[in-house]
Amino acid sequence: MDAQFWDDLYSGRDQLFSGNPNGVLVTEIAGTPPGQALDVGCGEGADALWLARRGWQVTAVDVSRVALRRAAAAGTDVTGRVAWTHGDLTTTPPPADAFDLVSVQYFPLRHEPDHIALRGLLAAVAPGGTLLFASHDPADVPPDNEHGFDPGDYYQPDDIAELLDDSWTVLVDETRPRTAPAPAGTQHTNDIVLRARRLR
Ligand SMILES: C[S@@+](CC[C@H](N)C(=O)[O-])C[C@H]1O[C@@H](n2cnc3c(N)ncnc32)[C@H](O)[C@@H]1O
């Protein structure tokens, strides 16, 4: 799943995602005062735009230039509130201690023995800030899915909760029904959600 994979996937359709912000983000963050946010793998930008329209200053990073072009075109009303940023977050970590919210929604982060990329994302949360990590429930991913995607190869919220030390407090770690219908062609009915606050 490199940049070429994602560019090809986005290029194959006029629009890949619904254009609506993710339900987990809306549920968890609607009542949170705005600050600096990092949208990890922002795709076509619906989450970043939802945040920016609520006063957040957003750094929205994606490896796909096709997705970023679409996202920027959809957000002309919040120009200056979102920095659409091309980058590979598995090789180039975001700035440390910089964000009041790091939102990771359905971002395919492959297990690494040393957890370097994951630790880079965790370190980006400022003291007092929030990590919000949502993924599809692996139970909803059929073994014969079209991309040969094995959820076991990727970090799930439980893996991350286990890696958080006592400088974090876990506020939510649960499986819950999606608020939106399953994306076309998928059987996703449940999300797994981790919300944690960095204490110091
Ligand atoms: C499943 S999509 C989710 C997009 C968006 N978060 C959403 O929920 O609609 C995963 C996104 O992560 C991006 N991505 C995958 N690997 C990446 C990487 N190493 N660095 C930055 N972005 C990446 C893809 O291009 C894609 O837009």
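User: Which residues come nearest to the ligand in this model?
Analyst: The model is a predicted one. There are 18 residues around the ligand. Those that come nearest are Tyr10, Asn22, Gly41, Asp62 and Asp88.

User: Which polar side-chain atom lies 2.7 Å from a nitrogen atom of the ligand, and which residue has it?
Analyst: Asn22 places a polar side-chain atom 2.8 Å from an oxygen atom of the ligand. Gln105 has a polar backbone atom 3.0 Å from a ligand nitrogen atom. The polar side-chain atom at 2.7 Å from a nitrogen atom of the ligand belongs to Asp88.

User: How much of the ligand's accessible area does the protein cover?
Analyst: On its own, the ligand has 590 Å² of accessible area.

User: Is the aromatic pair of Phe5 and Trp6 stacked or edge-to-face?
Analyst: The structure holds 4 aromatic pairs. In the pair of Phe5 and Trp6, the ring centres are 5.2 Å apart and the planes are at 85°. Planes over 60 degrees apart count as edge-to-face, so the pair of Phe5 and Trp6 is edge-to-face.

User: Is Trp6 buried or exposed?
Analyst: Phe5 has a relative accessible area of 24% and is partly exposed. For Trp6 the relative accessibility is 17%. Buried means under 20%, so Trp6 is buried.

User: Which residues form one aromatic cluster?
Analyst: Phe5 and Trp6 form an aromatic pair, and both belong to the cluster. With two further residues, the cluster is Phe5, Trp6, Tyr10 and Phe17.

User: Why is the pair of Phe149 and Tyr154 classed as it is?
Analyst: Phe149 is partly exposed at 24% relative accessible area, whereas Tyr154 is buried at 8%. Their ring centres lie 4.8 Å apart and their planes are at 20°. Planes under 30 degrees apart count as stacked, so the pair is stacked.

User: Which residue caps the N-terminal end of helix H4?
Analyst: Helix H4 spans residues 65-74, and its buried residues are Val66, Ala67, Leu68 and Ala71. Helices H1 (3-11) and H3 (46-53) and strands E2 (57-62) and E3 (82-86) are included in what covers these buried residues. At the N-terminal end, a side-chain oxygen lies 3.3 Å from the backbone nitrogen of Val66. The capping residue that holds this oxygen is Ser64.

User: With which side chain does the side chain of Asp191 make a polar contact?
Analyst: Asp191 is found in strand E7 (residues 190-198) and is buried, with a relative accessible area of 3%. Among the residues that Asp191 touches are Val24, Ser135, His136, Glu174 and Arg178. The polar contact, at 2.7 Å, is with the side chain of Tyr106.

User: What separation do the C-alpha atoms of Ala139 and Pro151 have?
Analyst: Ala139 lies in the loop between strand E5 (125-136) and helix H6 (157-163). Ala139 is exposed, with a relative accessible area of 68%. Ala139 and Pro151 are 12 residues apart along the chain. Their C-alpha atoms are separated by 9.1 Å.

How values were computed
Residues numbered from 1 in each chain as written. Predicted model: local features only at pLDDT ≥ 70, side-chain atom pairs only at ≥ 80, totals over all residues. Heavy atoms only, no water. Helix = DSSP H or I, 4+ residues; strand = E, 2+ residues; numbered from the N terminus. Buried < 20%, exposed > 50% of the residue type's maximum accessible area, 1.4 Å probe, protein only. Polar contact = N/O pair within 3.5 Å; in protein donor to acceptor, adjacent residues only side chain to side chain. Contact = heavy atoms within 4.5 Å. Near = heavy atom within 4 Å. Areas by Shrake-Rupley, 256 points an atom, 1.4 Å probe, with all protein chains shown as cover. Phe/Tyr/Trp six-rings, centres within 6.5 Å; stacked < 30°, edge-to-face > 60°. Lists of a residue's contacts leave out its neighbours within four places in sequence.
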